[in-house]
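Subject: Model for your review

Dear colleague,

Please find below the structure that I promised to hand over, followed by my notes on what was found in it.

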Amino acid sequence: MSAARKQSADNSAKPTSTAGDWEMVVGLEVHVQLKTRTKAFCACSTNFGDAPNSNTCPVCLALPGALPVLNAHAVDLAARAALALGCTLHHRSVFARKNYFYPDLPKGYQISQADKPLATGGHVTLADGKVLGITRIHMEEDAGKSVHDRFAGLTAIDLNRSGVPLIEIVGEPEIRSAAEAGAYLKALREILVYCGVSDCSMEEGSLRVDANVSARPRGEAEFRPRTEIKNLNSFSNVERALELEFQRHVATYEAGGRIAQQTMLFDAVRQEVRAARSKEGSHDYRYFPEPDLPPLVLQTEWIEHQRGTIPELPAARRGRFVNALGVAAADAEVLTAERDVAEYFEAVAAASGDGKAAANWVMGEVLAALNERGGDIGAFPVEASRLAALIALVKAGTLSSTAAKTVFQVMLAEPGDPQAIAERDGLLQVGDDAALVAWIDEVWAEHPDEAARFVAGERKLQGVLVGFVMKKSKGRADPRKVNQLLAGRG
Amino acid sequence: MAVTPDDVRHVAQLARLEIPEAELAMYVDQLNGILAHMEELRAVGGAGAAAQAESTREGMRLRPDTVGAVPLAVPLESFAAAMRDGFFLVPRLATHEAGEES
Amino acid sequence: MSASLLDAGAAAIAAAVHADASVADQVVATALERVRSTHEGAQGLNAVLHRARAEALTGALPDGALRGVPVVVKDNIATLELPTSCGSRMLEGWVSPYEATVVRKLREAGAVVVGKTNMDEFAMGSSTENSAYGPTRNPVDRSRAPGGSSGGSAAAVAAAIAPIGLGSETGGSVRQPAAFCGVVGVKPTYGRVSRFGLVAFASSLDAVGVFGRTVDDAAIATETISGHDVHDATSSDRGVPTMRGAPGSLDGLVVGIPREYFPDSLHPDVRARCDRALDALRSLGAVVREVSLPHTALAIPVYYIIAPAEASANLARFDGVRYGLRAESDSLRGLYDGTRARGFGPEVTRRILLGTYVLSAGFYDAYYRKAQDVRALIARDFDAVFSSGVDVLFTPTTPTPAFALGAISDPYEMYLSDIFTVTANLAGIPAMSLPIGRVDGLPVGGQLLAGHFQEPQMFRVAYALEDALGAEAHR
């Protein structure tokens, strides 16, 4: 590889994607693994991480005579993705063979879709309101895995992934900066995870990105030749690689050079983009309709049923949390990051009638406990209704917020109504003057110096003294009343 | 639209077939001979006939998403030419960085 | 006794085994002995490539329609016990780790697979001379080709090794050898029979077909292997009608004779045998009417674009990585090119090159797309005829009787021997060939074609014609 053909991180200039006289033009092709139990065309498990070649059968090994039969649930999920992304789902789509030789492609062709894809024309809306177009979504099968570093001089092939169902989401070349590419991917992932289409885990390879990038002078309407960057295994790598490749284009143009259409690879370790070794002009995929599969026909009623399974999407939900439930925008972001959490929050907010308090509880105690315990919120021991009851107790003044946290910890370990727990454990808030005065008197006796200075007019000590009273009462004292009583002594 | 020796070399490359130079001329002749008969199709109309037939074709039946693949009567090792630790083996790819489309 | 029982039809064998299970062993032993005896000598048939071991066949047989009936299976249909080499070096010694649906159905009906039969490599050919394991000889005249590509099964059934054989068709590979060997050959409607386990040549055309010594043998076998299969997305979920029947009147039945299948160049004796068969049909009460299928002449060009195109992809899996032949090399490219160069014979290589060419950038529209359009026109021709009141069509199966081994060296001339049979594959309709007489001692086949899924109609005519011709069918 010549130095001219690579752009390494060390000698790269500062990021200039949107600055300067050049504009970045990016279109992303995103491959997403559909969350099915079995492969696209055979009944092998899609389980990740099993022993090599253990999830294989005549079909995904491409044994002589084996035939593909499409997984109904893969169609469900692909359709759901298309509808959630605002695409037109076609009543008739056709599978095609994409022919090329590679040892992890057992049939010597990939079953994909070509000129009659599942869906066309959708979009993703970014947080800042910008709408980025989606050209098409088609279904296809994954290839196996080639492992190059396991045995000296050999490439090892694992076909467990061979035939796993994917959708490819082809974006319009409307992205104009690396950051925008990142935002697009984030929004896309959020929607797909939300709809249960995919785990979208880049680590496990269930979301993969190829980026087409070109540069052009600002104001120029025509697109210039693009290069395709493959091997992008994290969102930050996508952004980094786009920056590097964009700068290479700009530097090439500024030096009077030309950019040739070619495939580039991103090396995450070296943080560099370099040209893939050309493959002897073999990019003639000879697509033709897959004769083993009749057309995929989707009836209108079926499509409408699928549309009905799509949950409210995160962006819409965030807006509703802010506008209808009074949640701060940043908090809404956290609360909608996962669909199950958002649904839990909504249930708490609805039952307690207090969106803000529900948000504070969910983002604070609930997520902390969830983090600590692991697992998902569906199995969380404090059900939404019990948390709402707890919030109601605080609101009514029956429990102090400190005591409420103690009750919450108990609720994590045992079922039961929060009021009953608070009563049993003696955690109900104390608002009775006599009891409060007794605690204040004790504090006065134990901290004579602070008490004297407070009485002498040092008002800022009031908070300290309230704290002492709260501690003495084990959190049960009603802080509002304690404040009133202290003010009377000042 | 005569087939040239370069065409045959090109498609042989695409098809991963090693054609000895000595046999090239024979294949060029035979392909030209066969394709000459295909020329009579040119005179026929029918554009769009296949698309029309396809548009009324019955859709495919799908299978449920339940595990239960057709089992193999013998383990992979019993027929694979080269296997180690459960992996199929091929010579290390010179262009191994160049992972093709997935 | 069992030797003569083997010469009876499948139904008679099954009935005898049903009455006395021990008869099965004798029948199967005789079949295996005939495999051996017909194979011997310089003029051996070479019809059966892989012979079953007798001891593997004993045991309880399901009490079905084919209980104890020996069958032979073409070498491109996956069987668990015997190799499936597809007549190719590429799969020499390959034993499939799973079984074809059609073989399972035969076994479940009680049939016993006694051997895997020779064929043109990967079913590409019309003479069984393209086998990597040597040509099969025609049992009627051992200097002649049995036809192909299912020549081994045709020859085995003609030689009375088994009353029933499985073959496969892409352009006539059952009907043409059936005609050459003087037996019955059936290609069911596309989708009627599962292709799961049939090693693919051209997926949109491929069909498992059957050979029978009689129409009844063929009907029982076709009925047995028909039906929907969850492992084949192109298999139809229609119910399987009764195909077996008996000779009867054809009163009011309309038989079409497409003029394009009776060109002036047709061998006059072949035409004479057809005329005799048509007279027989008339005497059975059928109305014979001349019809036209105007796009017939284009069928061979269309076929030799579509079939190689699909084959070029279907045969890409033979790459030496997972199974089959592997030419070791220190580079992947060397492994691929070497494996495929050594594994494939010249006809397969030629068709892969042709298929790759017609799909490659710049040629797709001119060849592949054009061929698909004309294929649709050919299918429309049949639709028009069958919707005009014609029940079945009658034609010669081949333009000539069996040619001599080695007589045809030009590929395209060989392709023309499928000229009357490819149309049924392109249109997906059922078709069959049955013996209608001999010319110079060589069998001549008459072809019946029917509308989609109209096998019962086709067999009804076949039963009647076979009965009406009687011994004439083999004279």
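Leu154(A) has Pro91(B), in β2(B), as its bridge partner. The two strands concerned are β10 of chain A (residues 154-158) and β2(B), which run antiparallel and are joined by four bridges; strands here are DSSP runs of E with at least two residues, helices are runs of H or I with at least four, and both are numbered from the N terminus, while two strands count as paired if DSSP finds at least two bridges between them.

Before going further, please note that this is a predicted model, in which local features need pLDDT of at least 70 and side-chain atom pairs count only at pLDDT 80 or more, whereas totals for chains, interfaces and linings use all residues. Residues are numbered from 1 along each chain as its sequence is written, and chains are lettered from A and ligands numbered from 1 in the order in which they are written.

**The two sides of chain B**

Towards chain A, 36 residues of chain B are in contact with 50 residues of chain A, where contact means that the C-beta atoms, placed from the backbone, lie within 7 Å. On this side of chain B, α1 and β2 each supply at least two residues, and β2(B) gives the most, with five. The residues of this side divide into 16 nonpolar, nine polar and 11 charged, with Ala, Val, Leu, Ile, Met, Phe, Trp, Tyr, Cys and Pro taken as nonpolar, Asp, Glu, Lys and Arg as charged, and the others, Gly among them, as polar.

Towards chain C, 43 residues of chain B are in contact with 49 residues of chain C. The elements that give two or more residues to this side are α1 (5-14), α2 (21-38), α3 (49-55) and β2 (87-91) of chain B, of which α2(B) gives the most, with seven residues; by class, the side divides into 31 nonpolar, six polar and six charged residues.

**A sheet in chain A**

Within chain A, three strands form an open antiparallel sheet in the order β6-β5-β16, and its edge strands, β6 (109-113) and β16 (288-289), each pair on one side only. Strand β5 (residues 95-99) is joined to β6(A) by five bridges, the two running antiparallel, and Arg97(A) stands opposite Ile111(A) in β6(A).

With kind regards
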